[in-house]
Amino acid sequence: MSKKSFRQAINEALRLEMRRDPRVILMGEDVAGGQGGSAGTVDAWGGVLGVTKGLYTEFGPERVFDTPITEASYIGAAAGAAATGLRPVAELMFVDFVGCCLDQIMNQAAKFRYMFGGKARTPLVIRAMFGAGFNAAAQHSQALYPLFTHIPGLKVVIPSSPYEAKGLLIEAIRDDDPVIFLEHKVMYDDEEEVPDEAYTIPFGEANLTREGDDVTIVAFGRMVKLANEAADRLERQGIGCTVIDPRTTSPLDRDTILDCVADTGRLVIVDESSPRCNMAADISALVAEEAFDALKAPIRRVIPPHTPVPFASVLEALYLPDAAKIEAAVKAVMNHNVTEAA
Amino acid sequence: MQIARETLLRSYRAMRTIRDFEERLHVEFATGEIPGFVHLYCGEEASGVGVCANLTDSDTISSTHRGHGHCIAKGVEVSGMMAEIYGKSTGVCRGKGGSMHIADLSRGMLGANGIVGGGPPLMCGAALSHKVLKDGGVAVAFYGDGASNEGSTLESLNLATVWKLPVVFVVEDNGYGEATGSSFAVAGTQKARAEGFGMPYMECDGSDFFAVHQTAGEAIAHARAGNGPVMLHVHLARWYGHFEGDAMSYRAAGEVAEARRDHDCLVLFRRKVTEAGLLDDAELDAIDESVRDEIESSVVAAKAAPLPEAADLLADVYVRY
Ligand SMILES: Cc1ncc(C[n+]2csc(CCOP(=O)(O)OP(=O)(O)O)c2C)c(N)n1
Ligand SMILES: [Mg+2]
């Protein structure tokens, strides 16, 4: 056990699984870096943000593949390799680039098993970074997990901390279905205690990062941290929150969400993705249908507006959910009956 | 070909403006005051300027993540660009796009682009507009050696040929896509690719304004005359990292220094025009000085400019909703 960053935790998960299983291979743009460069260095980058650094050096050119800038072909190649005996982990860099290869994910990898009558296995992991907060503007800041969640056949994972990232990525690599593994780009330097050995965290089992009696908050990825910050402040004001990190949007741990809502009677959902048809909408529908009688107040969603992600810092901050917005939403659901009576 | 004095002066000014704009951004970025990602075009100035000297506002171009040079070459206003990069309301995109999305449709500049390979299909569309509307315009897609491998690019080469569109595909080949060399990533040759699609191929030294201007002039004339697309392969060197902050450990020690010493388009231009007696040093010095002032005042103005307002967040998602 030692303190590790989100970046290190992911690197370690990849390294351990590559040591454990020779069928696990890595591919992506500059996942090593430096090939064909005049300095003759390889492993020059280890990915644009250094997440895969050192893996080429340890596993070499038979296991770690730099790709040309051709997402459709290499993501498709990863899917094809997965269906024929390898266990590829393909890095898409920014999830926004899925626009260049969605067919291979949506119409190919996701559907093999069902279309082929249960005869195929596609143990593919696609890693990509997502999210706003870096002034990376409209084409490099999206939180596209609802897009993948919408597609039957894909599993979708959003780790909320270094510990979560390591266990969930190892689970993803060992899983026999195509998994989209989404890393929030603002979190790579976050640190916490992470075990040195391999461990797995099962999909579809939510994590309660805290428990309280008054309000249930469901949050994803980086939003889990913000929800906990808000919950800290609210606790000092006498409001107790349960914070649920579902960990995976597909499968979704419906039972935990419904149980917690049954206990607290109030629900706030924090979702960084574009608001139409996002996870907040999905979970709202679930709770409206299955836990209507438990609700003491309308569900509140802390979500961005229906706009692309703006560039300027002031606008990006307005765009994103934050702890203050979460706190205000929790207070609003707490005050619902009070306001009504008044 | 005889180049008008006016064109020479304007082109030198544009190249100097790009150089100073980028060198200044390199310095300002290091202070942490500039948000987001910045990719510099230093060393590649003669390509954008040499090509665009053959275009007018009624021709269309698409650019890339490394877009500042193309914007300046196509006449986008410098202070508006600087303000955009600082995320200010006075920016050409009102602070909503930033470095990678600078665009000015009134100048026929359909945007820098955050998506590698995003531009070539768009230029097929712009060329289609020019062709259907019979306005005599051409479309120019600037893209890198890395982008030359994208399916969207290769499909565009085919579509432009099949539809006989007035497009010039300008491959700006600086030998790298991020940290990966084109000798690793690019199979075959650009020439064979062009020929494979049945379009003329031309190439030139991208540090020589005159070579670019001449070759691009022929390519653009070919497309403008209704003969279909052309590929123009421009050989270049990138003087800075892929993005600001890249330590370039994958490049040999002397590579950039050599490019700066032997292939500086501004030095080569000055030598040529003064030796030929076309322009004199005093005129060029005066341009240098005036550009220095322009860049300085654009930075001062950008820093002082107001931030976007809250209402801007929701504005302009649609024309009407
Ligand atoms: C579809 C897509 N894939 C990957 C990237 C990340 N990326 C940005 S620039 C770049 C390299 C582009 O190389 P090249 O086309 O040669 O242009 P250069 O940077 O050399 O000007 C990459 C891989 C991206 N922005 N879009
Ligand atoms: Mg390049």
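Is A:F94 buried or exposed? I find A:F94 buried, at a relative accessible area of 7%. I call a residue buried under 20% relative accessible area, exposed over 50% and partly exposed in between, with a 1.4 Å probe and protein chains only.

Ground rules first. This is a predicted model, where local features need pLDDT of at least 70, side-chain atom pairs count only at pLDDT 80 or more, and totals for chains, interfaces and linings use all residues. Residues are numbered from 1 along each chain as its sequence is written, chains are lettered from A and ligands numbered from 1 in the order written, and side-chain values use heavy atoms, without hydrogens and water.

**Aromatic pairs.** I count 16 aromatic pairs over all chains. Rings of Phe, Tyr and Trp (its six-membered ring) pair if their centres lie within 6.5 Å; planes under 30 degrees apart are stacked, over 60 edge-to-face, the rest tilted. A:F94 and B:F37 are edge-to-face because their planes stand at 85°, with ring centres 5.9 Å apart. This pair crosses between chains, from strand β4 (residues 87–94) of chain A to the loop between α1 (5–30) and α2 (45–52) of chain B. B:F37 is partly exposed, at 25% relative accessible area.

I then checked A:F112 and A:F116. Their rings are stacked, 5.4 Å centre to centre with 10° between the planes. A:F112 is buried at 12%, whereas A:F116 is partly exposed at 41%.

Ring pairs join A:W45, B:Y176, B:F243 and B:Y250 in a cluster. B:Y176 is buried, with 7% relative accessible area. B:N174 is buried, at 10%.

**Helix α8 of chain A.** I traced residues 222–236 as 15 residues spanning 22 Å from first C-alpha to last, close to the 21 Å expected at 1.5 Å a residue. That expectation is 1.5 Å times one less than the number of residues. Helices (H or I, at least four residues) and strands (E, at least two) are DSSP runs, numbered from the N terminus. Buried residues of α8(A) include A:M223, A:L226 and A:L234. Just after α8(A), A:G238 takes a positive phi of about 85°.
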